[in-house]
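Hi,

Here is the structure I promised to pass on to you.

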Amino acid sequence: MPDNKNTTVDEQAKIKEVEKEEQAYSDTQMRISSVDDAIKKPNLNKFDTFFIRIWAFICAFIIKVADFICSGIKFIIKRDVPRKYVVAFVVIILIILFILLIALPASANGTAKQELELYPNGLIAVQKRVGTDSTTGDPIYKWGYANKNGAIKIPCVYDGALDFRYGVAFVKVIESQSGSNYVYWKLINKNGNNVGDYQFVQTGVNVPVEQFSESQKLAKVQISGRYGYINSRGKLTIDAIYEDAGPFIGKMARVSAGTSYYFINTKGKQVSQAFENARDIVDGYAAVNIAGRWGFMNEKGKVAITPIYDEVSDFYCGYAAVKLGSDYGVINEKGKAVVSTGLFSSLNILEYFDM
């Protein structure tokens, strides 16, 4: 005789399962209908419609994942789990994954940047005692390059050394010639071999070379008392014709010829008007002087803040200190006074600026 009690339990379970599926289907249809009704409202713009559709997709995705997990749990432990708890669990997991997606690349980039600064091209300039002066008894030190493990890769034979950048580095050499010292800088690669044929001779206290800029593979050098620029292959790409010059910042560098200053691009072409005086670009702006007054030029080579000031600092975090007559103030990048020059004869904020 069949067990009527067991049959009744099975039928009730099937009925509950059908009811559950019908309820889930009904909930889904209600969500779809709500979204469709919201989209049809005449006061919604395209952005609102797009946002609603994205939000509906995210909610539907979470519900689908939660239903799949619930089915899996029921199959394994033969018991129903409240869907709301599973939905909450899925939401938390998605939030954690989103945070990791943002945090991990940023962390990796930060580590790589730090490593690059400490050991450019895998090498760092080091100084080592190599002997003792036979006349004075003073220790003799020379410069070379070591790797991350402290092993000397380029012998310590130089009298000065800049860090590697773009696979090359400037080193200083002092040679005794006819009873006097002949001082010059040259360019070498990671194997210690010379790059290019130039020797940049030091005259007086002026250092004839400057580190390659971070934005361009160009370095300022001095040849025969004039300044020009070489690339990382040791080739002179901008002739040494300038009486003064600054490093490339972005795509421009400050130079002077005769009594005027102006800015050039990486091809050596003039890209700004001539000024009586000018400073290098800092924080997107260069201080320039016209007719004895200071103002600012932007990175496009255009005068952005009219020269009306007696003195100015460089920009720092979007602000610059200015002096007009005997009064000081602070302006923003639009030239608007955020601290009036008519109020103060001095400012504590000038401690943060180089006037």
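Let me start with a charge and a ring: the charged end of K220 sits over the ring of Y227, 5.0 Å from the ring's centre. R279 is placed over the face of W294, at 5.0 Å from the ring centre. Please keep in mind that this is a predicted model.

Now to the aromatic rings. The count comes to nine aromatic pairs. One of them is F170 with F212, a stacked pair with 5.6 Å centre to centre and 15° between the planes. F170 belongs to strand β5 (residues 168-177) and F212 to the loop between β7 (200-201) and β8 (218-223), so this pair ties together parts that are 42 residues apart in sequence. F170 is buried at 0% relative accessibility, and F212 is buried too, with a relative accessible area of 1%. Y198 and F200 also make a stacked pair, with 6.0 Å between centres and 15° between the planes. Here Y198 is partly exposed, at 33% relative accessible area, whereas F200 is buried at 1%.

Three strands make up an open, antiparallel sheet in the order β1-β2-β3. Its edge strands are β1 (124-132) and β3 (152-158), each pairing on one side only. Neighbouring strands in this sheet are turned by 30° against each other on average, direction ignored. β2 (residues 139-146) pairs with β3 in the antiparallel sense over three bridges, and A146 stands opposite I152 in β3.

Best wishes

Conventions
Residues numbered from 1 in each chain as written. Predicted model: local features only at pLDDT ≥ 70, side-chain atom pairs only at ≥ 80, totals over all residues. Heavy atoms only, no water. Pairing = 2+ DSSP bridges. Helix = DSSP H or I, 4+ residues; strand = E, 2+ residues; numbered from the N terminus. Axes fitted to C-alpha atoms, helices over the stretch in contact; angles between N-to-C directions. Phe/Tyr/Trp six-rings, centres within 6.5 Å; stacked < 30°, edge-to-face > 60°. Buried < 20%, exposed > 50% of the residue type's maximum accessible area, 1.4 Å probe, protein only. Lys NZ or Arg CZ within 6 Å of the ring centre and 35° of its normal.
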